[in-house]
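Me: I'm new to reading structures. Can we go through this one together, bit by bit?
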There are 2 protein chains.
Amino acid sequence: MRNLKLTLSYDGSEFCGWQVQPDAPSIQGTLATAIGRVTGENVLPQGSGRTDAGVHALAQVATFGTNSLVPTPNFIKALNDVLPPAIRVLEVSEMPAAFHARHSARAKTYRYRMYRGEICPPFLARYVWHYPYPLSERAMVEAGELVMGEHDFTSFAAADPERGARLAEAFQPDGDDAPSNIRRIFSSTWKVEGAEFQYTVRGSGFLHHMVRNLVGTFVLVGKGTVKASDISKVLQARDRSLAGPTAPAAGLYLVGVEY
Amino acid sequence: MRNLKLTLSYDGSEFCGWQVQPDAPSIQGTLATAIGRVTGENVLPQGSGRTDAGVHALAQVATFGTNSLVPTPNFIKALNDVLPPAIRVLEVSEMPAAFHARHSARAKTYRYRMYRGEICPPFLARYVWHYPYPLSERAMVEAGELVMGEHDFTSFAAADPERGARLAEAFQPDGDDAPSNIRRIFSSTWKVEGAEFQYTVRGSGFLHHMVRNLVGTFVLVGKGTVKASDISKVLQARDRSLAGPTAPAAGLYLVGVEY
């Protein structure tokens, strides 16, 4: 059996998220249907992690096993012919049997796009968080740097601990699913890009809602409600109630996964 | 009564077009509802012309009369607060009573975006025509130049003559609605923009489907089915059956209206 790795981009606006659900259109389910139409096989592709409803991907990675003999370049075209335009396969490659989209992941990068202009262009409404109110961008840059390194990110995990642990998409080098909330952040930067203020974070793995909760907290710093230097205290407290609200899904992108 | 001019941008993907319809969401109807909520008045704004289902606007213009005393800058914010994010009011200004969005228009500019890359990014799927097949861009540039000047554009008008005449959005300096198919094209250019090939046309006015029929015909020229020099013959024939198919709505933008 071949082990195929897919690299995918998707507009998450009209999906219930990555994970297959019985009565709602998911990325995983739509992809499974497309693979079924191309290979005739019934298979559920495994993603590098789950993205929530409305969250986008520039380069999500998924793996699945197949007995199909279709050459990999033809797979790209065949899948894109049957997938909706909101999901595109960018690459297909054959991997050793041990390669797994989630367990083999070494690092992931996410980006969050805030649109700062007074009027958000209608063509960006699905793709950014429109936030035209005053913010200290300097304080947010400073706060962003403070989450770098290895920390217990419990304060930034989804509030429901059971759901948080279940959905945690950890980097687990040994492939187990220990629900630890410790993650290593390699880089964490805010940057002005035209009318946008963008946060890019690269880490070993991310807890459920972690990037959106970080952004929500950085916005409290930008508003002056929380001091930049308090970010370290919020981390140490391991208490979700001390961090900010969850930023809207529309601004979040899975930029890429490293193996 | 004040005569207000609105400049609007919209993502036309989820609307049945500009014109109000009984059972489908239109730009005009959605705007009328928003104006009603802000002013308490029941008024149907008049656009510079109708855009079809799926066609976008960077700067459509509409006028309406109101007894509301709300200052114009407040109108922008009040309307955007009640409009869906797919429609944004960019400007509001008070005009003399004689000013009319359609009758006073002197020129309009449209742009058509073709995406030429092999895989269309999911974030562009609603906003371009994905056309990854070979085309002679040089021949299309040449054909584009041949429609400049004053012509009878019957060959490029919507096939149903009754509908075409009814929907014609002519520049009529005297404000009547004579259904002539003669229009003046001031500029007509194809240009490579990154992975896109874009057509921009500025003219005195445009018949129903005219830009999309021009694009469909230019694509026949790009494929070699029609010679660039034949464009003049197609114009002279005044016969819709000699021109190419109507290009998809998603790639078309009303860029602006001049008065």
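Me: How far apart are the C-alpha centres of domain 1 and domain 2 of chain A?
Reply: They lie 26 Å apart. Keep in mind that this is a predicted model.

Me: Where do the two domains of chain A run?
Reply: Domain 1 covers 2-95, and domain 2 covers 107-258.

Me: And how many residues of each are in contact?
Reply: In chain A, 15 residues of domain 1 are in contact with 12 residues of domain 2. The domain 1 side of that contact has 6 nonpolar, 7 polar and 2 charged residues.

Me: What does the predictor say about confidence in chain A?
Reply: The average pLDDT of chain A is 92. A score of at least 70 is reached by 92% of the residues.

Me: Where does pLDDT stay under 50?
Reply: Over residues 169-176 of chain A. The model has 15 contacts for that stretch beyond four places in sequence.

Me: What about the complex, which ipTM and pTM does it get?
Reply: The ipTM is 0.90 and the pTM is 0.91.

Me: New topic. What rotation puts chain B on chain A?
Reply: A rotation of 180°, with 0.0 Å of shift along the axis. The RMSD is 0.0 Å. The two copies are thus related as by a two-fold rotation axis.

Me: Which residue of chain B comes closest to that axis?
Reply: Phe123(B) does. Its C-alpha is 4.7 Å from the rotation axis.

Me: How many residues are in contact between the chains?
Reply: 16 residues of chain B are in contact with 16 of chain A. On the chain B side, β1 (2-10) and β4 (87-95) each supply at least two residues. The largest share, 3 residues, comes from β4(B).

Me: What classes do the residues on that side of chain B fall into?
Reply: There are 12 nonpolar, 2 polar and 2 charged residues on the side of chain B that touches chain A.

Me: Why do we say the copies meet through the same surface?
Reply: Because 100% of the interface residues of chain B are also interface residues in chain A.

Me: Let's look at a helix. What span should α5 of chain A have, and what does it have?
Reply: Helix α5 is residues 210-223, so 14 residues. At 1.5 Å a residue it should span 20 Å. Its end C-alpha atoms are 20 Å apart, which agrees.

Me: How many of its residues are buried?
Reply: 12 of the 14, so α5(A) is largely enclosed by the rest of the structure. The buried ones include Met210(A), Leu214(A), Phe218(A) and Gly222(A). Arg212(A) is buried too.

Me: What covers the buried residues of α5(A)?
Reply: The cover includes the strands β5 (107-115), β9 (196-203) and β10 (252-258) of chain A. Helices α3 (137-145) and α6 (230-237) of chain A are also part of that cover.

Me: What happens just after the helix?
Reply: Gly224(A) takes a positive phi there, of about 90°.

Me: Last one. Where does Pro132(A) lie?
Reply: In the loop between β6 (129-130) and α3 of chain A.

Me: Why does Pro132(A) count as partly exposed?
Reply: Because Pro132(A) has 13 C-beta neighbours inside 10 Å. The cut-offs matter here: 12 or fewer would be exposed, and 20 or more would be buried.

Me: What does Pro132(A) touch, leaving out residues up to four places away in sequence?
Reply: Pro132(A) touches Arg116(A), Gly117(A) and Glu118(A).

Me: And how far is Pro132(A) from Gly216(A)?
Reply: Their C-alpha atoms are separated by 15 Å. Along the chain, the two are 84 residues apart.

Conventions:
Residues are numbered from 1 along each chain as its sequence is written. Chains are lettered from A and ligands numbered from 1 in the order in which they are written. This is a predicted model: local features need pLDDT of at least 70, side-chain atom pairs count only at pLDDT 80 or more; totals for chains, interfaces and linings use all residues. pLDDT is the predictor's confidence in each residue, from 0 to 100. Two residues are in contact if their C-beta atoms, placed from the backbone, lie within 7 Å. Copies are superposed by least squares on the C-alpha atoms of residues with pLDDT of at least 70 in both. Helices (H or I, at least four residues) and strands (E, at least two) are DSSP runs, numbered from the N terminus. Ala, Val, Leu, Ile, Met, Phe, Trp, Tyr, Cys and Pro count as nonpolar, Asp, Glu, Lys and Arg as charged, and the others, Gly among them, as polar. Domain bounds come from an automatic or database domain assignment. The expected span of a helix is 1.5 Å times one less than its number of residues.
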